[in-house]
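The account begins with strand pairing and then turns to the rings.

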Amino acid sequence: MFNNQVIRKAAALLSGVAVLVSVAACGSASASNSSALEQVKQAGKIVFATEGTYAPFSYHDSKTNELTGYDVEMAKAIAKEVGIKAEFAEGSFDSLLAGVDAKKYDTVADQISATDERKAKYDFSEPYTYSYGVVITSKENPKNVTSFDDVKGLRAAETGTSNWNKTAQEKGATIVQVNDFGQQVDAITSGRADVSLNDGLAALDYLKQKPDADIKIAAKSEKTPAAYLPFRKGSDDLVKEVNKAIVKLQKDGTLTKISEKYFGEDFSQE
């Protein structure tokens, strides 16, 4: 049988454990109750998810292998204005928003459009890119595509969750699912797809880098707000701070300089 001294020591030990558990629980609750802005301030960083394969927005420099691009520099500038660092995590396009859902990332810097479906799920920043959509075909363009309506009944190479996939379906195209822009081009040039709907700036950059590629822009849309930063619902204070940064960077010419560096002209505002 245990003597009284042993029992008292055991009771004291259990009491200490209970206090530690209680303190840990309080700390966890406090962290969970922090606002989105407080959480990134405490962490000292915003984690931006991006593809890293989507030039000129997010890609690796061929000489240094450093992650760069318009979206990357924009994200760094915004984080600096907020007073913290920008950290980047790379993945396939279709995994980026899922990573925000899982709280692996704070947001996505990868030309994310604010569709009605996404607005129901995420809080969005103000737009930081204005662009236009294009229909890409082979140079021969055997289907004689001259407008977005012409993709009806054709095979469109699109990434799984992009807004261009949705637009292609709305226009009556059959989707050939791919993972990135390079695969879209391959699908067209190999004959697996007839067209691809995508961002005009990405298409222009690809043609600039590979002028001999067997593709062309067959049709384009009007210039409209194109890209936003999505955050988990309830991130109001963080979105407000990011919006202040975007407006400042647009007004002081920072985003204009970044845009001109990558596109040759200003696509950072209307």
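Strand 1 pairs with strand 6 (residues 107-108) in the parallel sense, over two bridges; strands are DSSP runs of E of at least two residues, helices are runs of H or I of at least four, and both are numbered from the N terminus. Two strands count as paired if DSSP finds at least two bridges between them. Phe48 has Thr107 in strand 6 as its bridge partner. This is a predicted model, in which local features need pLDDT of at least 70 and side-chain atom pairs pLDDT 80 or more, while totals for chains, interfaces and linings use all residues. Residues are numbered from 1 along each chain as its sequence is written, and side-chain values use heavy atoms, without hydrogens and water.

Strand 1 also runs parallel to strand 5 (residues 85-90), joined by six bridges. Opposite Val47 stands Glu87 of strand 5. Because five of the six residues of strand 1 (residues 45-50) are buried, this strand is largely enclosed by the rest of the structure. Buried means under 20% relative accessible area, exposed over 50% and partly exposed in between, with a 1.4 Å probe and protein chains only.

Turning to the rings, the whole structure holds 10 aromatic pairs. One of them, Tyr70 with Tyr128, is stacked, at 6.3 Å centre to centre and 25 degrees between the planes. Tyr70 belongs to helix 3 (residues 70-82) and Tyr128 to the loop between strand 7 (122-124) and strand 8 (129-131), so the pair ties together parts 58 residues apart in sequence. Rings of Phe, Tyr and Trp (its six-membered ring) pair if their centres lie within 6.5 Å; planes under 30 degrees apart are stacked, over 60 edge-to-face, and the rest tilted. Both Tyr70 and Tyr128 are buried.
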